Amino acid sequence: MGAARCSRLLPLLLPLLLPLLAAWGPRVSGGLRAPRRRWPVPYRRFDYRPKTDPYCQARYTFCPTGSAIPVMKEEDVIEVYRLQAPVWEFKYGDLLGHLKIMHDAVGFRSSLTGKNYTMEWYELFQLGNCTFPHLRPGIDAPFWCNQGAACFYEGIDDAHWKENGTLVLVTTISGTMFNEMAQWVKYDNETGIYYETWTVQASPDKQSTVWFDSYECSKFILRTYQKLADLGAVFKKIQTNYTSIILFSGEPIYLGNETSIFGPLGNKTLAAAIRDFYSPFKPHQSVREFFVDLVRIIDRVILNHQFYLFYNLEYWFLPMKFPYLKIIYEEVPLPVGSKESFGV
């Protein structure tokens with residue numbers, strides 16, 4: 001059984017623990033400055049999706065009932081539903097819903113056939129593996145199991161979405177529009193392949209600089225809504241909120257990629273620092289080990305203002321600052337049609 005199967009509880013608790021602990025941390029700013037760059041760093045798309053490494057194993061099978069997106073008749077009228085429920089609702093009920101840690105999806109209902117469908121985008125190997133790497137013996141570079149992908153399947157689990165979340169009609173589209181959206185989903189899924197947990201910005205102020213944008217389930221839904229709007233869909237005027245997990249830092253410093261840091265001619269001091277930083281985020285086998293590593297994380301992130309971010313297959317140093325980390329659940333309005341589409 002691969003190490004990726006082990007429980008990774010600490011990454012799930014970090015968004016809850018660090019904001020509480022940050023109140024006792026020092027509040028400093030400044031530090032090293034990087035050359036001027038384009039912010040936020042554009043999310044990188046790829047020409048194809050690589051095969052996953054057998055070492056990466058999911059505790060819960062990805063998209064177990066998945067199916068191909070059907071071709072709809074042009075004259076069909078398809079209802080589009082906003083779906084949202086607490087993360088891991090199937091296991092913990094509304095526990096994470098109280099903290100507004102939500103998962104998003106989109107539902108469809110064909111008027112001609114009466115069939116319902118669900119579409120979502122999420123991690124192939126669970127959130128912990130997408131957020132932090134594995135440190136494998138004999139391999140210098142951290143090993144990542146961080147792919148995400150779209151999942152389409154027949155049916156909408158009404159109880160799952162309604163009981164602790166949202167299931168609401170947001171627009172109707174034609175069969176033609178649905179088929180065009182399906183072609184876009186294929187492109188989006190084959191080129192946007194890596195899950196990015198964190199949004200990173202300069203401060204909690206809404207006008208502050210965003211250094212990195214996350215790339216997760218809600219962003220896929222936002223892109224899908226925007227694509228439908230660009231195809232002519234008219235959305236209802238209802239409030240739609242989404243979850244973001246935000247790190248706060250000064251201007252990030254680019255460090256390099258796996259080869260330049262961990263390769264034969266790499267920076268051994270930097271490589272050791274990155275491995276040492278990620279070490280406390282490993283799967284834990286005991287309660288004592290968990291709390292020892294939690295203290296190490298607090299020391300690095302809050303007391304020493306350090307965080308190493310892996311984004312676009314490259315490493316960055318984040319000079320962390322108060323309030324360090326925050327979970328927000330804020331409104332992003334439903335789109336209107338535009339030629340300038342949201343990440344499409």
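**Exercise 1.** Which residues lie nearest the centre of the largest cavity, and how many residues line the cavity?

*Solution.* The model is predicted: local features need pLDDT of at least 70, side-chain atom pairs count only at pLDDT 80 or more, and totals for chains, interfaces and linings use all residues. Residues are numbered from 1 along each chain as its sequence is written, and side-chain values use heavy atoms, with hydrogens and water left out.

Step 1. A cavity is a set of points on a 1 Å grid over the protein atoms alone where a 1.4 Å probe fits but cannot get out; lining residues have an atom within 4 Å of a point.

Step 2. The largest cavity, of about 110 Å³, has 14 lining residues, with Thr131, Trp144, Trp198, Leu309 and Phe310 nearest its centre.

Step 3. Strand β10 contributes four residues, the largest share of this lining; α3 (126-131) and β10 (306-311) each supply at least two.

**Exercise 2.** Which residues touch the most other members of the largest nonpolar core?

*Solution.* Step 1. Such a core joins buried Ala, Val, Leu, Ile, Met, Phe, Trp, Tyr and Cys residues through side-chain atoms within 4.5 Å, buried meaning under 20% relative accessible area (1.4 Å probe, protein chains only).

Step 1. Among the 76 residues of the largest core, they are Phe108, Trp198, Phe212, Tyr278, Phe307 and Leu309. Strand β11 (residues 314-331) gives the most to this core, eight residues.

Step 2. A second, separate core has eight residues, including Tyr55 and Phe143.

Notes: On a 1 Å grid over the protein atoms alone, a cavity is a set of points where a 1.4 Å probe fits but cannot get out, and a pocket is an open set with protein on both sides within 12 Å along at least five of seven lines; lining residues have an atom within 4 Å of a point. Grid points are joined across faces, edges and corners, and a volume is the space filled by probe spheres set on the points. Buried means under 20% relative accessible area, exposed over 50%, partly exposed in between (1.4 Å probe, protein chains only).
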